[in-house]
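Trainee: Could we go through this structure together, one question at a time? I would like to see how each answer is reached.

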Amino acid sequence: MGDIRDRVAVVGTGCAKFGENYDMSIEDMIVAAGFEALEDAGVAPGDIQAAWVGTLNSAFSGTSLGDALKIQNIPITRVENYCASGMDAFRNACFAVASGAYDVALVVGFEKLRDSGARGIPNTRNHPMLAWGVTAPNLFALAANRHFHKYGTTKSQLAKVAVKNHHNGAMNKKAHFQMEIDEETVLNAPLISSPLGLFDCCPTTDGAAAAVICRTDIAKSFRDDYVLVKGLGLAVTSGAPYFKPGFEYDGFPATTLAARQAYEQAGIKNPLEEIDLAETHDCFTITEILNYEDLLFCEKGKGGRFIEEGHSAIGGKLPVNPSGGLKSSGHPIGGTGVRMIYEVTRQLQHRVGDRQVKDAQVGLAHNLGGPGAVGCVTILGNP
Amino acid sequence: MPKRPVGIVSFGAYIPRYRLPREIISRHWRQSGGKGEKAVAGFDEDSFTMAFEAALNCLDGFDTDALRAEMRFACLATTTPPYHEKAAAGLLATALDLSRECRTLDSANTLRAATAGILAGIDAINAGATSRALVTAADQRPAEPQTAFEMSFGDGAAAVLLGSEECIAVLEGHVSINDEFLGTWRRDVDPYVQQFPGGFETKFGYQRVLMESISLLLDRQGLKPMDVSRLVLYSPNARAPQNVAKRLEMDPKKQIADAMLGNVGDTGCAQVLLSLARVLEEASPGDLIVVASYGDGSDALLFRVTEAIEQHRGRRGPSHYLARRRPMESYGRYSLFRDLVKSIPSPGSSSPVVLWRETKQYLQFYGEKCGKCETIQFPRQRVCVDCGTKDNFVDHKLSRHGIVHTFTNDYLHPSLDPPTTEAIVNVEGGGRVLLQMTDAEPDQIRVGLEVEMVLRKLHEGAGIKNYFWKARPRD
């Protein structure tokens, strides 16, 4: 297998304001994120040779992106891979550029959730019986109760994830929420899916994010502070882990499998020491705790301690979700993975202001789709 | 050649957990009184699911392969079938995994449906069409709010297995009276059971026809009223059967069986079967039991209890369920369950095509076992989840017992009875399933909880009844 390391550069990033964008259409958000990324890279829409777009179910096909930006008559591919749709779109674009087929490509991820009044993520496919009535929080609450039972993880540890990510998000103008919360607020919130309460859940959000990528050898013609792709991992495990005999349900192997691929490509032996910051998929507070373990930042079962001891705070050993994460930035499904690329790139470029992680050189982004079934991990680093 | 004795081989019962205190109903309507409580089917139950659980209890301990080979008669008696056109007994026979050649009969439209089913089953056995016959009865009759029916109607089910070997109660004789009478009825357009007001039905329908059928039965059998150990008499209320007994010169206190009006309610066509099951729980060899149903006439059946009753104790009969109650805290929940208010629309979708293709795994709970690595898996699939071997499976019926691996109580999914508990269950003997839980308080659920699987109505997406298994804390 070929090596992806250092063959692709991120030269432009953009992100629409995340939130309940009642005053914005899909087109408005794609235009905001897309043109910000194009301008950041210093290119025009006509310079883009191919594009990838990630959305769960807000639109169909490459036309959703092409019609908004009027980049037409070129290859545009729509990617859907549950909540990892955005990062998988980025991954596919990177491999296409690395292959030499294209010099410059655009990646956009977006989702429009608030134009309908659905509670949670709208169901696209319902089997009449199997997992009928199961909601997104259920899938992670099942892991939470198992983790509580097995390792003694507590609601208070979960709450600390929410408090940290709201604290970080308060420094992010593009986040859905700029609002500090305290642990008591989290613990006293109404239950959504036990043990997860309202503040253990990320919001449903409208948003879009974009990135312009190119071959590394031409990156300097766009900007000096380009960022390099060091590793790209993707693992797809069973989409019905709740029916899988023996599945422990105390974490998501898809994350670990994807991380191992990316670490190997990037040459990372000790993630805790070698990674300076991580944007991980905290769709629910328990998920961030599982991510610490599944991304091998700490041992299995020690995720609760990891947050409690402050390792994942800005200024800690390995700051996690300095952007505020899904919890505070919001989670426009297909948009999230690309928003993480935007955040990590700008952290490595030292462009994020108050939430800047000091001396950041290597960053990780982790997108998780479905019932923990689609794990996608990207490692970015400065040249 | 003397006729072989034919009769009841086994019995079972089912009463829903939810019990609505009648005081809550009367208080709701700013009236006084209201004694006892009535059983209310959960939002996920109907006449089919109740009859099915009664049938499982009735058949518990019998060799299922033998039953599949022998049973050629299955009946579901109800005035409240899940479908007005589509067999409920067919669903029952399928879910019980009976032979495809089993004849099914929906006995319907009258409170006499259960005894009509029993007599049809007996006839089938006597005719040599089958060696065993299963007869179930269940009802959840719709009662108009603020009426006496609302106070009296309850939900429940019972089942009897009929046969000619190892009878616990032999049918000694029976009579049937047909009597055209407009006392109680419900047309298709009527949302509730209707009744002609006043004492007309009690005097000229109920009393007259029951005296006729019971007297004729006793007369033909050469019995005196006082010879009867127990009279199981359909009881629309507490007083009516007493008048019948007195006029028959029987002792109401000693001879009339408990119709369970006080703690279960009037369970419609299931009432006499449920009451008979209660009597059989405590019957002694030699007891003479008269079962008299009522509805457009009357069937009266005389059973003589045999020695075999002693070997038949301990199964789940009415007393098991009477002891397992879940008080319903409000009229509001009752009115939601009974569709008395505009409720949350079912968010489900479904497909009769999918249900047909996968019937085996839904109604019958079949998974499969890999022929190579022996992993038991559900749902059924083509390639083994564990070793990847293709198309090398044997059918494996999942056990109805298991242990909770993990769970969550969900308040997001719209439900008439929140929270919706989702549980991952490790099935006894192999298999892993995700099921909703039912009949449980949220704080009861924990990792390691023992559960038993029950068939329930999951939702009514696509305008059909989507039946699937749920888990309930094991009794």
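Trainee: Which residue of β7(B) does Y14(B) stand opposite?

Mentor: This is a predicted model, so what follows describes a prediction. Strand β1 of chain B, residues 7–14, pairs with β7(B) in the antiparallel sense over seven bridges. Looking across from Y14(B) to β7(B), the residue that stands opposite is A157(B).

Trainee: And which residue of β7(B) is the bridge partner of A133(B)?

Mentor: Strand β6 of chain B covers residues 132–139, and it pairs with β7(B) in the antiparallel sense over eight bridges. Strands of a sheet pair through backbone hydrogen bonds, either parallel or antiparallel. In β7(B), the partner of A133(B) is L162(B).

Trainee: How many residues of strand β7 of chain B are buried?

Mentor: A residue counts as buried if 20 or more other C-beta atoms lie within 10 Å of its own. From β7(B), G156(B), A158(B), V160(B) and L162(B) point one way, while A157(B), A159(B), L161(B) and G163(B) point the other way, and all are buried. For the strand at residues 156–163, which is mostly covered, the count is therefore eight of eight.

Trainee: Which residues touch the most other members of the largest nonpolar core?

Mentor: In soluble globular proteins, nonpolar side chains tend to be buried together. Taking L92(B) as an example, and not counting residues up to four places away in sequence, its contacts are F48(B), A51(B), F52(B), A55(B), A74(B), L76(B) and T136(B). Of the 266 residues in the largest nonpolar core, those touching the most other members are V107(A), I213(A), A51(B) and L92(B).

Trainee: Which element gives the most to the side of domain 1 of chain B that touches domain 2 of chain B?

Mentor: The domain assignment of chain B gives domain 1 as 7–337 and domain 2 as 352–363 + 399–473, and their C-alpha centres lie 28 Å apart. The contact takes 15 residues from domain 1 of chain B and 14 residues from domain 2 of chain B. On the domain 1 side, α2 (47–59), α4 (88–95) and α12 (331–337) of chain B each supply at least two residues. With three residues, the element that gives the most is α2(B).

Trainee: Which element supplies the largest share of the side of chain B that touches chain A?

Mentor: The contact between the chains takes 37 residues from chain B and 27 residues from chain A. The chain B residues divide into 16 nonpolar, 17 polar and four charged. Among the elements that give two or more residues to this side are α13 (352–357), β18 (401–410) and β21 (450–459) of chain B. The largest share, six residues, comes from β18(B).

Trainee: Which are the edge strands of the open sheet in chain A?

Mentor: The sheet has nine strands with mixed pairing, in the order β3-β2-β4-β7-β1-β8-β11-β10-β9 (chain A). Each edge strand pairs on one side only, and in chain A these are β3 (76–79) and β9 (277–279).

Trainee: What angle does the direction of helix α1 of chain A make with that of β1(A)?

Mentor: Helix α1, residues 26–41 of chain A, packs on the sheet, touching β1 (8–15), β4 (104–111) and β7 (207–215) of chain A. The angle between its direction and that of β1(A) is about 135 degrees.

Conventions
Residues numbered from 1 in each chain as written. Chains lettered and ligands numbered in written order. Predicted model: local features only at pLDDT ≥ 70, side-chain atom pairs only at ≥ 80, totals over all residues. Pairing = 2+ DSSP bridges. Helix = DSSP H or I, 4+ residues; strand = E, 2+ residues; numbered from the N terminus. Contact = placed C-beta atoms within 7 Å. Axes fitted to C-alpha atoms, helices over the stretch in contact; angles between N-to-C directions. Core = buried A, V, L, I, M, F, W, Y, C linked by C-beta atoms within 7 Å. Buried ≥ 20, exposed ≤ 12 C-beta atoms within 10 Å, placed from the backbone. Domains from an automatic or database assignment. Nonpolar A, V, L, I, M, F, W, Y, C, P; charged D, E, K, R; others polar.
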